[in-house]
There are 2 protein chains.
Amino acid sequence: MPLVERVVLVGVSGSGKSTVGRAVATGLGWETVDTDATIETAQGRSVPELFATAGEAAFRGWERAALLAAIARSRVVIATGGGAVTDAAVWGPDGLGRAGTLVVALDVSPAVAIARLTEQHRREGASTARPLLAGADPIDRMAAMKAARQPAYDRAGITLPVDHAGPALVAAEIVELVTAANDGASPEIALEAPSGSSRIVVAPGSLGHVGTLARARWPRAQRAWIVTDDRVGPLHAPAAAAALVEAGFTPETVTVPAGEVSKSLGGVGAVYDRLLGDGIERGDLVVALGGGVVGDLAGFAAATCLRGVGLVQVPTSLLAMVDSSVGGKTGINHAAGKNLIGAFYQPPLVVADPALLATLPERELTSGWAEVIKHAVIQASTPAGERNDLMPFLERNAARLTNLGEPALSYAIRRNVALKAAVVAADEREGGIRAFLNFGHTLGHAIEAAGYLLLHGEAIALGMRAATRIGAAIGICGAETVERLDAVLDAYHLPRTTEANADAVLALMGSDKKREAGRQRWVLPVTGGGVCLRVDVEDGMVREALGAVLDRTVE
Amino acid sequence: MPLVERVVLVGVSGSGKSTVGRAVATGLGWETVDTDATIETAQGRSVPELFATAGEAAFRGWERAALLAAIARSRVVIATGGGAVTDAAVWGPDGLGRAGTLVVALDVSPAVAIARLTEQHRREGASTARPLLAGADPIDRMAAMKAARQPAYDRAGITLPVDHAGPALVAAEIVELVTAANDGASPEIALEAPSGSSRIVVAPGSLGHVGTLARARWPRAQRAWIVTDDRVGPLHAPAAAAALVEAGFTPETVTVPAGEVSKSLGGVGAVYDRLLGDGIERGDLVVALGGGVVGDLAGFAAATCLRGVGLVQVPTSLLAMVDSSVGGKTGINHAAGKNLIGAFYQPPLVVADPALLATLPERELTSGWAEVIKHAVIQASTPAGERNDLMPFLERNAARLTNLGEPALSYAIRRNVALKAAVVAADEREGGIRAFLNFGHTLGHAIEAAGYLLLHGEAIALGMRAATRIGAAIGICGAETVERLDAVLDAYHLPRTTEANADAVLALMGSDKKREAGRQRWVLPVTGGGVCLRVDVEDGMVREALGAVLDRTVE
């Protein structure tokens, strides 16, 4: 990612571009340019007056000139007029396409935009009169205008939904995006759980800093065992080892076969043989370098070798970054079910480098988005979840994220890690809200186990589709919740059905370890966002919901 | 144990019999009889005056009569004159041998006794004048008198050293002994550690209450798996199962082969197969019924099944009761060494029933005393360790304890559990004082591993003998510390030497998991009590110390 020299804020009137822009400029110590204000000063009249007298075409000309002049500068935050970006000419290499330009779209829903503009008009009087507020049905007209401009807004580097976030919070996040890009500053997420605390770094290029990050946490440690698999190891183990050597560690590499086969008693036995055979001591480190399987396996080995040695999780898959590397669940499989043997063990350090996702097979990347979408569904039921912006964020940034576009990708991972960390901090042992993270997993795990044809996230996507249909059947959410979830899962290329036998899936559901007194606890979505726990789901509902995601030709 | 209807306190002048007696009577709501006071009232003169005028023989007659009259009563606490119990006649079935009579000897060292008497004389004046204080060398004369009377004091049911314990604490412990015997009241020890809390019950007959104790902790649990071995299971599993059924649990029994062979990856795999195959849920219980091997194995299985299920430790060996069942260490062995795979997992409930020790093979009982003696050595370095009474307690009660005499046995176990719990609460993860519990284990583990000829405690006894010699070689303790430890180990029938090769032992020491940055940390005893950590032990000293406990014919 090139260094960011300027930030351009785009979005409809009422999205807060000017207010957020001033706060970002203050935060960065940069100057601010408001193109509307520039034109008003130059022409000596207000924007509504200019529209009325000179006409829109003349105004767009002045606006383009003001924007291009501002973009020629550096260390500047530019708030554009709402329509400026619809002019294709401003997206050229001397315009918004200029190197070092971060375009941030502030996304506001039409009703919220109109409410904000009305309030501003009431407060500041005629000078802020907007044509939009004058006629009938302003919300409908705002919606139509926003829809027309959406393709232009979608050319931004990242879209941030701002309905439920104040300008100070939005500005702080934009400042964070810029400083991360320019200074390599890694905003850290701290997880304080009863069993221990975890420090989580999410930043492109952070694999190269894993040694210094580990050294800061373990000043006296000497040896480190990189546990990885035969697919990830060749790609990233040399870089991890080099970073560890640089910080004074003596690394060894333990490579296990890729895939679930290693997440077994035999697999962990092989890791024990290496660690204990090499004489690991309590102050030494295990570095889990890989996806969910390696993280679970190496984490369990680290938790149980000498009753606990140092542990760094270095997730290399999207699923591991946003989910399995955070929260301290470690474990292996048993013939009776997945993850039935394990321990809670918080990794003191997690280093997530989104740049590593470039080497991830497409299907695994897709699978990872399922857990991200799961977080968006449950957000409203988690600490600080009233912001409820992850679902619109995923909807608005689907193309950027599936193409690994920065800074949207790092922002998405960071927000997902923060959500997971907040849930785990509130409920490490899954006595309460941590259970919400199982949304889609009750049927998802069973679907995954029924055939082993699907990756974990693919199965969870189907589990979420089915669980949402159960929610609709019970009546806690409506058809629009089902449609919206289906659409976002489709946008991230997650499957709609799979080939599996319904009876087999239902039989496998019986061995879920989250059962309580023999009854299945379901996590189901609620209208408007968030989830709830229900035990009153009838078999017929489950079968019906399952029918929607299973290919019926398999019996 | 018969119900206790009366308590008789015996001991030399200055041991605090009268003060403690009044406090015990208050605590129990009983009456108190002080035989000296009874005689003084009846004869109208003070004890010193009666000695001077009527002579000792006449006084002993009055004393015997007063004591026998008091023993005929119930709900009474009797403080005897210091010499009364030397009269063999008072030990008959109508005297101290009467059913329902608990004789407690208060053991005070001569110097402390003389200091207390001197202080009392200064405070209360001539009426308390004692012949002992009158002449030269009162401490020597007290020591001689005490030595002469010791065989009589040793006929008590329990001897409590009181040098560093105030009368209120001693009285409270005696009240606890009586209420435990009469009401089955189980004084509970609470262990609050970062990873969880533990409630420990030590009481004869408590196996019969394991169901109700577990029910109080887990009101809604339904199933319980008793994990035991093929030696303990036939003896005690039926009683445990019956107690669980009575409290509404559905118990299953999982029996593993007795011995270290089960403490392996294969052994825990077999336990997983049963628990997970039977469909264990997070709210269900594992009941570890057995010695250290079963406790470690079943505890590790409980810690790692579903990332943690309910756990009750029911130790059936002395070693397990005073050591391994308390503190949350669980684990299995690896080819590279013992206990190298494991987890910290506090059992929410520990039920120790000293009556079960009657079925323990003699050699295993003996082995258990080694950890008890270890606690006595380290006591002064543990929380509240300034009482420093466990070594004299073990010395004074050796015959009672090796014969499983109550209430000395339960008292000993309770005090040892309390010490271990206090250490673990202060330092669960062995960052500091918990390391003191490894006294004798550095060489002990290696000696144990070198031949597998010895039981754990037998090897630890040799490790303690050797470590104490290293302490003397370094100069932090003297020959008298070595002699005293040797004597108490001898008194509990622990071995003095074994057949093992010194080089093999030294090589095995290298894989100890408590090494730090490649250096061996030694826990060594200090003159006067307690231990310290040292890393400056030279190989020659270790070899020399090892020579004292290895049979040199093996090379």
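Lys374(B) counts as buried in this predicted model, because its relative accessibility is 1% and the cut-off for buried is under 20%. The residue lies in helix 14 of chain B, which covers residues 362-378. Beyond its neighbours within four places in sequence, Lys374(B) is in contact with Asp323(B), Leu437(B), Phe439(B), His441(B) and Met464(B).

**Interface of chain A and chain B**

Contact between the two chains involves 32 residues of chain A and 32 residues of chain B. About 3,000 Å² of area is buried between them, and carbon and sulfur atoms give 54% of this area. Polar contact, with both residues at pLDDT 80 or more, is found for eight residue pairs between chain A and chain B.

On the side of chain A that touches chain B, two or more residues come from each of the elements tabulated here.

| Element of chain A | Residues |
|---|---|
| Helix 11 | 265-277 |
| Helix 12 | 292-304 |
| Strand 12 | 329-334 |
| Strand 13 | 337-344 |

Which element gives the most to the side of chain A that touches chain B? Strand 13 of chain A does, with six residues. By residue class, the side of chain A that touches chain B holds 13 nonpolar, seven polar and 12 charged residues.

Methods. Residues are numbered from 1 along each chain as its sequence is written. Chains are lettered from A and ligands numbered from 1 in the order in which they are written. This is a predicted model: local features need pLDDT of at least 70, side-chain atom pairs count only at pLDDT 80 or more; totals for chains, interfaces and linings use all residues. Side-chain values use heavy atoms; hydrogens and water are left out. Helices (H or I, at least four residues) and strands (E, at least two) are DSSP runs, numbered from the N terminus. Buried means under 20% relative accessible area, exposed over 50%, partly exposed in between (1.4 Å probe, protein chains only). Contact means heavy atoms within 4.5 Å. Buried area is the accessible area (1.4 Å probe) that two parts lose on being put together, summed over both. A polar contact is a pair of N or O atoms within 3.5 Å; within protein, one must be able to donate a hydrogen and the other to accept it, and residues adjacent in sequence count only if both atoms are side-chain atoms. Ala, Val, Leu, Ile, Met, Phe, Trp, Tyr, Cys and Pro count as nonpolar, Asp, Glu, Lys and Arg as charged, and the others, Gly among them, as polar.
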